[in-house]
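Please have the sequence and the 3D view at hand as you read.

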2 protein chains.
Amino acid sequence: MNAPSDTPQAVRWQRAQALVGQGVAAIDTPSLVIDLDAMERNLNHMAAYARTHGLRLRPHAKMHKSAEIARMQMARGAVGVCVQKTDEALALAAAGVNDIYISNEVIAFPKLQRLAEAVRDLPTRFGIAVDSAAGVLRLASALVDAQVSGEARIDVFVEIDVGQGRCGVPPGEPAVDLARLIAEHPVLRFAGLQAYHGGAQHRRDPGERAQAIAEAAWAAALTRERLQAAGFEVPLITGAGTGTFALETASHVWGELQVGSYLFMDADYARNESAPQAPVFEHALFVKAQVISRAAHHAVCDAGHKSHAVDSGLPAVWSPPGLSFANGGDEHGLLHASPAGSPLPSLGDTVWLVPGHCDPTVNLHDYLVGVRGGLVTGEIERLIRIDARGAVG
Amino acid sequence: MNAPSDTPQAVRWQRAQALVGQGVAAIDTPSLVIDLDAMERNLNHMAAYARTHGLRLRPHAKMHKSAEIARMQMARGAVGVCVQKTDEALALAAAGVNDIYISNEVIAFPKLQRLAEAVRDLPTRFGIAVDSAAGVLRLASALVDAQVSGEARIDVFVEIDVGQGRCGVPPGEPAVDLARLIAEHPVLRFAGLQAYHGGAQHRRDPGERAQAIAEAAWAAALTRERLQAAGFEVPLITGAGTGTFALETASHVWGELQVGSYLFMDADYARNESAPQAPVFEHALFVKAQVISRAAHHAVCDAGHKSHAVDSGLPAVWSPPGLSFANGGDEHGLLHASPAGSPLPSLGDTVWLVPGHCDPTVNLHDYLVGVRGGLVTGEIERLIRIDARGAVG
């Protein structure tokens with residue numbers, strides 16, 4: 001899919017596209033660069049893990065927002081992808097992804113109407129999470145209004161709050177009530193439980209992560225029992241993230257993993273102390289930056305908050321060694337010698353950063369520059385469109 | 001200018017464009033909404049201020065990234081706009097803005113080449129900042145390579161570090177050295193000094209801001225004296241921001257104001273204690289969000305880090321009253337009663353947020369929804385394209 005020709009974004013895309021086949025040095029700064037070799041090792045690693053453990057893999061595409069990467073994941077066995085937003089789902093469906101689950105609540109009528117039309121018109125299988133009667137009723141109503149006919153045309157997961165304190169009904173009976181309501185609408189299929197503990201992903205101590213997921217497993221299993229006692233089959237419990245998926249796996253409660261960040265890894269996940277049972281993933285996402293100013297005791301690079309997200313901390317400097325990154329505002333990064341006495345880079349030098357948090361960093365860019373053969377001597381193999389960039393609706 | 005039709009962004013733009021003329025309720029969430037009445041009062045206020053004080057006004061377009069808003073500023077007397085990035089300059093120039101100053105250092109040959117071609121081919125007058133001999137020599141070389149003929153084809157400002165500790169040469173002789181180098185290249189015009197103290201903008205205490213700008217004024221005036229002593233005319237000293245411009249004005253050292261945030265104001269600037277001499281600007285930029293989940297003691301809205309920047313703190317809740325906003329991750333915001341006991345909003349309710357920092361918030365969105373008549377009963381008057389969104393290069 002080519003970008004249109006009359007927007008500044010398209011101009012930048014075409015300029016970058018023209019560099020395919022050239023060396024890493026040709027990449028403009030700041031750019032978001034993927035080490036394709038490392039990313040593919042991460043992809044293979046997680047695919048093998050899910051296969052070995054007999055689990056469905058449904059990676060979270062909120063992180064990469066790219067149909068091309070979704071297809072790479074599905075080619076390795078993923079059953080589909082998750083997204084958080086209706087417009088992410090529609091962007092990826094329009095780009096050909098054929099199994100998409102919105103692991104989040106949607107309440108607005110216009111969004112549900114767009115989704116219903118996509119259910120009606122596209123070959124993609126959709127799923128969605130609910131945590132309220134209004135969510136179920138509005139969804140069913142939108143499907144009827146769009147004249148979606150037939151049975152079980154969309155998978156509906158009841159979200160339970162397994163400890164994060166964000167969305168989801170409390171475990172137990174409230175989920176049974178929603179399953180009953182779903183069952184009243186044949187166009188909906190009760191597909192199971194959404195049970196994700198986002199807060200557990202970034203707890204540094206493996207023991208704390210294990211404790212949080214043990215409690216989440218208990219809450220999910222209890223809710224499943226209540227549903228079964230009320231006569232409901234529970235086809236699937238879906239959840240887990242890159243920080244905890246080995247724990248969900250070991251619990252035997254979850255049947256599907258929603259991991260996302262394993263693909264790129266970021267500086268924040270790298271700060272987690274690793275648990276013995278977890279496989280190790282590599283940093284595959286980098287910001288290439290350039291030194292644009294040099295003072296006596298610091299250098300300034302051209303990457304700031306508009307190049308990388310800072311919600312989970314500042315980027316780490318990947319290379320050259322001996323540098324720390326400090327906040328320089330929206331368009332600048334300050335580089336200091338660390339430890340003191342390390343050489344500072346010169347004007348024009350390249351600096352590679354590892355973003356603090358990959359998801360909102362990807363959302364700042366229009367494309368990813370895929371490099372084969374490493375960041376030093378590699379070549380630009382392809383550009384990957386971030387199809388759902390800015391799809392917040 | 002219409003967006004192209006075959007990208008998800010364009011689909012979203014067209015969907016929103018179709019709502020022009022409808023009420024505020026029709027705006028999808030989360031969206032970035034401008035109160036046009038408030039923005040125009042801010043525009044008029046700053047234009048009158050500059051006129052009254054006999055100062056040139058060159059608002060910073062890094063904040064709004066929009067040619068349409070640049071034209072509104074210039075229609076009220078602004079001499080042009082500033083940007084921080086080459087690709088911001090090119091995006092706005094392509095959209096018809098005819099006077100653009102890159103108030104930042106550019107070192108990469110490909111960027112300077114793009115800029116030189118724009119100088120050669122477009123009717124826009126460009127300026128740029130330098131803080132190194134390499135910056136001057138590379139710029140001159142790029143212009144020669146692009147066969148830019150004639151004299152003084154681009155304005156070159158020497159940036160001095162007036163206290164921020166980021167870019168810029170030290171005040172005094174180093175600026176004279178760069179001015180000498182600029183003078184060796186007739187295609188360049190030495191236009192004066194870039195003297196901006198970004199760090200002073202957000203100091204809460206007016207006394208601290210006054211102290212910082214007093215020191216910056218001293219450094220800028222000293223550098224001007226040295227330049228004059230060396231035989232250089234110093235046509236202009238340019239700088240200042242929304243947090244301090246009354247101080248730069250009072251110093252009589254600066255001839256041009258680069259204010260940006262006055263246009264929208266954000267929650268962080270609102271936390272500054274106001275100085276008696278500063279005019280007061282209104283919040284004009286809001287995120288419209290919707291409650292998508294309700295628990296016993298909190299509500300969840302659909303706006304997170306992908307809808308608003310968090311580098312300068314979380315958004316403030318504008319309405320309904322009695323709510324505080326807590327971090328809910330990339331796609332969610334947690335709403336708590338504040339003070340305790342205030343009523344929580346219901347599922348589907350609208351929540352209006354004031355972003356913590358307007359610049360990187362705008363950079364997350366493709367367009368601004370301009371509302372006339374207020375956020376309660378107003379109508380969608382127009383959509384404003386964020387032409388340079390993502391233009392980090």
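**A strand inside chain A**

Strand β15 (residues 350-354) of chain A is largely enclosed by the rest of the structure, because four of its five residues are buried. Buried here means that 20 or more other C-beta atoms lie within 10 Å of a residue's own, against 12 or fewer for exposed and in between for partly exposed, with C-beta atoms placed from the backbone. This is a predicted model: local features need pLDDT of at least 70, side-chain atom pairs count only at pLDDT 80 or more, and totals for chains, interfaces and linings use all residues. Residues are numbered from 1 along each chain as its sequence is written, while chains are lettered from A and ligands numbered from 1 in the order in which they are written.

**Partners of β15(A)**

- Strand β10 (residues 285-294) of chain A runs antiparallel to β15(A), and four bridges join them.
- Within β15(A), A:Trp352 stands opposite A:Lys288.
- Strand β12 (residues 316-319) of chain A also pairs with β15(A) in the antiparallel sense, over three bridges; there A:Val317 has A:Leu353 as its bridge partner.
- Two strands count as paired if DSSP finds at least two bridges between them; helices (H or I, at least four residues) and strands (E, at least two) are DSSP runs, numbered from the N terminus.

**The parallel sheet, chain by chain**

- In chain A, eight strands with parallel pairing form an open sheet in the order β2-β9-β8-β7-β6-β5-β4-β3. Its edge strands are β2 (56-57) and β3 (81-83) of chain A, each pairing on one side only.
- Strands β4 (residues 99-102) and β5 (residues 125-130) of chain A run parallel and are joined by four bridges; A:Ile102 has A:Ile128 in β5(A) as its bridge partner.
- Helix α7 (residues 173-183) of chain A packs on this sheet, where it touches β5, β6 (154-159) and β7 (188-194) of chain A, and its direction makes about 160° with that of β7(A). Such angles run from 0 to 180 degrees between N-to-C directions, with axes fitted as lines to C-alpha atoms, for helices over the stretch in contact.
- Chain B has an open sheet of eight strands, again in the order β2-β9-β8-β7-β6-β5-β4-β3 with parallel pairing. Since β2 (56-57) and β3 (81-83) of chain B each have a single partner strand, one side of each is left without a neighbour in the sheet.
- At one end, β2(B) pairs in the parallel sense with strand β9 (residues 256-257) of chain B over two bridges, and B:Leu57 has B:Leu257 as its bridge partner.

**Helix α3 of chain B**

- The buried residues of helix α3 (residues 67-75) of chain B are B:Ala67, B:Ile69, B:Ala70, B:Met72 and B:Gln73.
- These buried residues pack against α2 (36-52), β3, α4 and β17 (379-385) of chain B.
- Just after α3(B), B:Gly77 has a positive phi of about 110°.

**How the two chains meet**

- Chain B superposes on chain A (RMSD 0.0 Å) by a rotation of 180° with 0.0 Å of shift along its axis. The two copies are thus related as by a two-fold rotation axis.
- The contact takes 59 residues from chain B and 59 residues from chain A; residues are in contact if their C-beta atoms, placed from the backbone, lie within 7 Å.
- On the side of chain B that touches chain A, β10(B) supplies the largest share, four residues.
- The copies meet through the same surface, because 100% of the interface residues of chain B are also interface residues in chain A.

How values were computed. Copies are superposed by least squares on the C-alpha atoms of residues with pLDDT of at least 70 in both. Two residues are in contact if their C-beta atoms, placed from the backbone, lie within 7 Å.
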